[in-house]
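Please look over the structure below.

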Amino acid sequence: MKSVALIIVLSLAAAAAFAQNTAEVGRAQDGASCPRCDLFQADLSNRDLAGRDFTGARLQQADLSVSVFDHARFGGDDLRDVNGYGARFTGADFAGANMTNATFVGAYLDGADLRGANLSGVNFSGAELARAVGLSQSQLNTACGDQSTTLPAGMHLPVCR
């Protein structure tokens, strides 16, 4: 009986460790800045969140598709497996963010700061990166794109398979 109770308690604790903070998600969806928030799997699609501060937030598996995040701050964020399809990130700060396996297909990243960001497995097919800041060839070597991806002069990107 004690072992069953222990299993239930441990299961609930594990579920809470992966859960989003619904109050923080609601504030972000309403347009508020939310630095260091837990926005795991948040739906922030189809919104204008330009200039918002999400510094240090956990946005893992969040949906940012077709939204406007011009000059937003994502520095140091957990952006693993994010869907940024068709979103606009003009001048956004991604410095030091973990963007592993994110999708930025068709995203506009003009002037975005990608210094030190982990781009491993990121799909940039059709994305605009020609004027991205702090982007290195070693970062691009771990990501992928297609023939329509625009990059800074002299840089290249493996083709997505």
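## Disulfides and confidence

The link of C144 and C160 is right-handed, with 90° about the S-S bond. This pair connects distant parts of the chain, 16 residues apart, with C144 and C160 each in the segment after helix 3. The model is predicted: local features need pLDDT of at least 70 and side-chain atom pairs count only at pLDDT 80 or more, while totals for chains, interfaces and linings use all residues. Residues are numbered from 1 along each chain as its sequence is written, and side-chain values use heavy atoms, with hydrogens and water left out.

The whole structure holds two disulfides (a disulfide is a pair of cysteine sulfur atoms within 2.5 Å).

| Disulfide | S to S distance |
|---|---|
| C34 and C37 | 1.8 Å |
| C144 and C160 | 1.9 Å |

The torsion about the S-S bond of C34 and C37 is about -85°, so this disulfide is left-handed. Both C34 and C37 are buried (under 20% relative accessible area, with a 1.4 Å probe and protein chains only). C144 is buried too, at a relative accessible area of 16%.

D77 is buried and has no salt bridge (a side-chain nitrogen of Lys or Arg within 4 Å of a carboxyl oxygen of Asp or Glu). The nearest side chain of opposite charge, R36, is 8.5 Å away from D77 (Lys and Arg count as positive, Asp and Glu as negative; His and the chain ends are not counted).

The protein averages a pLDDT of 91 (the predictor's confidence in each residue, from 0 to 100). Over residues 4–17, pLDDT stays under 50. Where pLDDT is low, the predicted coordinates should not be read in detail.

Technical notes
Buried means under 20% relative accessible area, exposed over 50%, partly exposed in between (1.4 Å probe, protein chains only). Contact means heavy atoms within 4.5 Å. Helices (H or I, at least four residues) and strands (E, at least two) are DSSP runs, numbered from the N terminus.
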